[in-house]
Amino acid sequence: MEAPTTRRMRRGREISAAYLLLSPTVLLLLTVLAYPIGWEVWTSFTSLSPLQDGATAFVGLQNYRQQLGTLEFWWAALVTVGYAVVTSVAKVALGLGFAVLLARPFRGRALAFLVIFLPWAYPSGVSVIGYYWMLNPPISTAYAVSLGHLKYSVDSALGGGAWAFISVILFNIWRGSSFIGVLLLAGINAIPRELFEYALLESKSAWRRFRLVTVPLLKPFLALAVFLSLTSAFGDLANVWKLTGGRIVFPVIGTHAYWLAIKQGQFGPASALSLLLVPFLFGVLLVLFRFFDPAERKAT
Amino acid sequence: MNPRPWWVKVGHRSLILLTAVYCLSPIYFMLVQSLKTPQEDLFGNPFIVVHPTLENFEELFERKGEVRGFVGDALRRSYPFLDWLANTLIVFAGSVAVTLGASVAAAYALGGLRPPGFRWWRRAIFATYVIPQTILFVPLYQVVHALGLDDNLLALLLIYPTMALPFCIWILSAYFQQLPREIEEAALIEGASRTTAFFRIILPMSRPVLVAAGIFALGTVASDFMIASVFLLTPHNQTVAGGLGTMDVALDELVVVAGINLLAIPVVAISAVFARGYVRGLTAAMVEGA
């Protein structure tokens, strides 16, 4: 046994070592995120625009009020939330399906796993171009005409740009369900095998076993999956932009803000706009922390 | 396990098959298109290739000087594809390395050394995911410019890790946290320093979780084309994703599809090799006492 003072000294050294080890991460996050987010918050209270003459004025909450007063904002918010909810539900459902399909050993399981893993592993910075080729094909392709007809009929039923937006959704689901499937499979692997065997003795209904054993035990993984899925949808600007070629009829908050900032030079309103949904997402995260970072962990 | 009735097996098989079609068809589709001649692209069947050719891939590697004659020169653009590929390799490897280095250090600090409030540190780092990237690149450009890194690959080595760090720190620190303290204590009693104990014992033990973090970082980095195209300006400085998406390549050309496949091959190969480790690592990270 050590003397209490050396113990305390050692603890003190440990704590300083901890801060030292944290410093690269903190430094990276500060450079890449802290200043930009500070700039964005500040700008959201000003009239900053490269197009205006004269000095930038502090306008208080005016940008927020103005955004909340426009129809475009509510439309974009609605589309964003719809996009996030639809893709998240589909991704979790598909991912859960993939994970359950692979839960028990069978011949060719390793291969089947690789198949599920591929959509996420395939670099999406370029697979999004593949989706563009597949669903909004260039005129030079043999299938351009038939897909063009499909696109035209969808667009005329749901409004121009609908097909492009559907392809964004399909792409997001394709890639995301792969990630969630693998994550949930990792979760299922973590459940002790005996638990399934007990459950088998308790109930003959596979559905009951799934609902009462598998799903509750997967909760932390599901919560993590839902959160990552929501942020990817809320933050999505690039994929929407690319798949719709910037001809945006269904704007999400991201593309709308991008449009305001880059095409119209209204940095103030654009900043306000992109910050408006952050509290909402933050609230969701705080709720989900209860599932994937429960307080009991402290005891270990 | 009791044997399953035949119809369950058949159902399971067909669902697996359906899954495979769903997951692979876009990838298959891109591969098929990239092997086509322009004629076949225009008149052929979209799902198969009858006369496969590598000319689209060859075109990617053609340098401007090699195309003879005025007309050829005017008609054909050149793509510094080899440069792009090299840049992409540097950026991917560098970002994954930076991410792993920073996240292992931070995760050990949070999960192993546990300074006061370590759970809130971890939550705060994870919460950076709520920050929308949307127009963040406007002020980010100021930062990059102030550091003198515009049009420099180093800018991406600064930005990409922050996209993967929170998740990597999360799983690594959860893993370190649940490691029995006795393991380390034993090494310390044997006279090893904390550093030696970490590098000799803890780090080798955490291999699966490190693999999981690395693969996650690679997948995250490979998903971007926006940041690459904003911060890398001159053609020969681009990455593949940024270059194909923005530079003087039109998205509608067959070369683009070929380029997609060329970038995908190494990334997919690496992921496939580590695929099993990835799942094992995720499992180990999330389960107490694993």
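Chain A of this predicted model is divided into domain 1 (1-34) and domain 2 (72-264 + 274-299), the bounds coming from an automatic or database domain assignment. The centres of domain 1 of chain A and domain 2 of chain A, taken over C-alpha atoms, are separated by 37 Å. Residues are numbered from 1 along each chain as its sequence is written, and chains are lettered from A and ligands numbered from 1 in the order in which they are written. In this predicted model, local features need pLDDT of at least 70 and side-chain atom pairs count only at pLDDT 80 or more, while totals for chains, interfaces and linings use all residues.

Within chain A, helix α3 (residues 71-101) packs with helix α7 (residues 162-190); helices (H or I, at least four residues) are DSSP runs, numbered from the N terminus. Two packed helices are described by the angle between their axes and the distance between the axes. For α3 and α7 of chain A the angle is about 45 degrees and the axes lie 7 Å apart. Here axes are lines fitted to C-alpha atoms, for helices over the stretch in contact, and angles run from 0 to 180 degrees between N-to-C directions. The two helices α3(A) and α7(A) are therefore oblique to each other, since angles under 35 degrees count as roughly parallel, over 145 as roughly antiparallel, 65 to 115 as roughly perpendicular and the rest as oblique.

Among the residues of α3(A) that meet α7(A) are Tyr83(A), Ala90(A) and Lys91(A); those of α7(A) include Ile169(A), Gly176(A) and Ile188(A). Two residues are in contact if their C-beta atoms, placed from the backbone, lie within 7 Å. By class, this contact of α3(A) with α7(A) has 14 nonpolar, six polar and one charged residues. Ala, Val, Leu, Ile, Met, Phe, Trp, Tyr, Cys and Pro count as nonpolar, Asp, Glu, Lys and Arg as charged, and the others, Gly among them, as polar.

Chain B is assigned domain 1 (6-75) and domain 2 (81-286), with 30 Å between their centres, taken over C-alpha atoms. Twelve residues of domain 1 of chain B are in contact with ten residues of domain 2 of chain B. On the domain 1 side of this contact, α3(B) gives the most, with five residues.

The two chains also meet each other: 81 residues from chain B and 81 residues from chain A take part in the contact. On the side of chain B, helix α14 (residues 254-286) gives the most, with 15 residues. That side has 58 nonpolar, 17 polar and six charged residues.
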